[in-house]
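Please consult the sequence and the coordinates shown here while reading.

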Amino acid sequence: MKFILKKHDEIRHLFEKGGKLAKLWPLFDAQDTFMFTPAETTHSGAHVRDAIDLKRVMITVVLALIPCLLFGIYNAGYHYADHAGDTSLMTIMIRGSWMVIPIVLVSYIAGGVWEVLFSCVRRHEINEGFLVTGMLFPLTLPPTIPLWQVALGISFGVVIGKEVFGGTGMNILNPALTARAFLFFSYPKWIIGDNVWGNASGGPAILSSVEGITQATPLAVASQTPVGESAIAAMAAAGHNLCTMIAGLEVGSIGETSVIACILGAGILLATRIGSWQIMAATVLGLLGGGVIANIFGASAMSQLPPYYHLLMGGFAFGCVFMVTDPVSAAATPTGKWIYGILVGLVIMIVRLVNGAYVEGVMLAILFGNVCAPLIDHYVVEAHIKRRQARV
């Protein structure tokens, strides 16, 4: 390593200001800080040193996403192998990896190009925030999404959702959800339509020889259950129950199906104090509160579901752990975090009850919460100032 560091330092001057490759300094600086301890040191004054920095925060979030990624690979391979007839663990993981890993790689490569381009033009560091966005985005997609749509979506999320606002730390909306929303409204049939998980007539080539993979999700079954009938019975008839929803052996986006994997990720984020427990708890309370109100006043089969079912259905667990808690686009004040989380939970329930075309609701609710977060913090701070002025 000392030899590599020596050679590395010998070419440093080429990338520094005035060097022949000065425009590529962000690239050199990114691999420098990734491979070695930064050479910059403080020279004067008192400084508070902390072991945590942006790189460690983002790496921790990526590590927390690993359980969801691994289970997503298994789940994709499981549904393919189940219909193909070979259900050995090795076959499941190989086929799942063949479907999922290219999506993750395209997300990182396409988004990384935009990150490097904007960093070189603006002459600022390549921030580690993209490590999380590049992993979050593919986990919100079905495993049969075309790769060109992955590249298009992450490009929109990075450029329009983040870079136009100034880059990492300046974005108003969650970049990963911005990217998914763009794909959802542009190519809905690949997100929730007949092509999801593939079918013999229109699915991707990898599944073209397999019939019967397309399957309604628990949320879709519940929303389509006629008034007066039991949504729980309808889901059971379709093969969905509490055990399958908790374990995650359901069709859906790569990272959202397993509640257990999401809980493992939540444990990592909470243990390291990177994820906000207030926002997670408030979002759960908002959804449960909305479910109780729906039980009292609603008439549809969906509204009569026990509120705790909504915690296990769709992408709520994934969104609650990894999306709502985004420190940039979420509320920042202690009181604001509770208001923000409750708002997101309530909107999720509202969307699930009234929007039959897109019954999931998590994506739209979080983006709505992102838009409201600055306003929530503003009024929380204003109320605090007024209370302090009254005491004075």
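In this predicted model, helix α14, spanning residues 277-297, and helix α17, spanning residues 334-354, have axes that come within 7 Å and cross at roughly 40°. The handedness of the crossing, in which α14 passes α17, is right-handed.

On the α14 side, the contact is formed by W277, Q278, I279, A281, A282, T283, L285, G286, L287, G290, G291 and A294. Helix α17 contributes K337, W338, Y340, G341, I342, V344, G345, L346, I348, M349 and L353.

Helix α5 covers residues 89-122 and helix α6 covers residues 129-139; their axes come within 9 Å and cross at roughly 140°. Only angles over 145 degrees count as roughly antiparallel, and α5 and α6 are therefore oblique to each other. Where α5 passes α6, the crossing is right-handed.

From α5, the residues making the contact are I103, V104, S107, Y108, G111, G112 and E115. They meet F130, L131, G134, M135, F137 and P138 of α6. The composition of the contact of α5 with α6 is eight nonpolar residues, four polar and one charged.

Technical notes
Residues are numbered from 1 along each chain as its sequence is written. This is a predicted model: local features need pLDDT of at least 70, side-chain atom pairs count only at pLDDT 80 or more; totals for chains, interfaces and linings use all residues. Side-chain values use heavy atoms; hydrogens and water are left out. Axes are lines fitted to C-alpha atoms, for helices over the stretch in contact, and angles run from 0 to 180 degrees between N-to-C directions. Helices (H or I, at least four residues) and strands (E, at least two) are DSSP runs, numbered from the N terminus. Angles under 35 degrees count as roughly parallel, over 145 as roughly antiparallel, 65 to 115 as roughly perpendicular and the rest as oblique. A crossing is left-handed if the near helix is turned anticlockwise from the far one by less than a right angle, and right-handed if clockwise. Contact means heavy atoms within 4.5 Å. Ala, Val, Leu, Ile, Met, Phe, Trp, Tyr, Cys and Pro count as nonpolar, Asp, Glu, Lys and Arg as charged, and the others, Gly among them, as polar.
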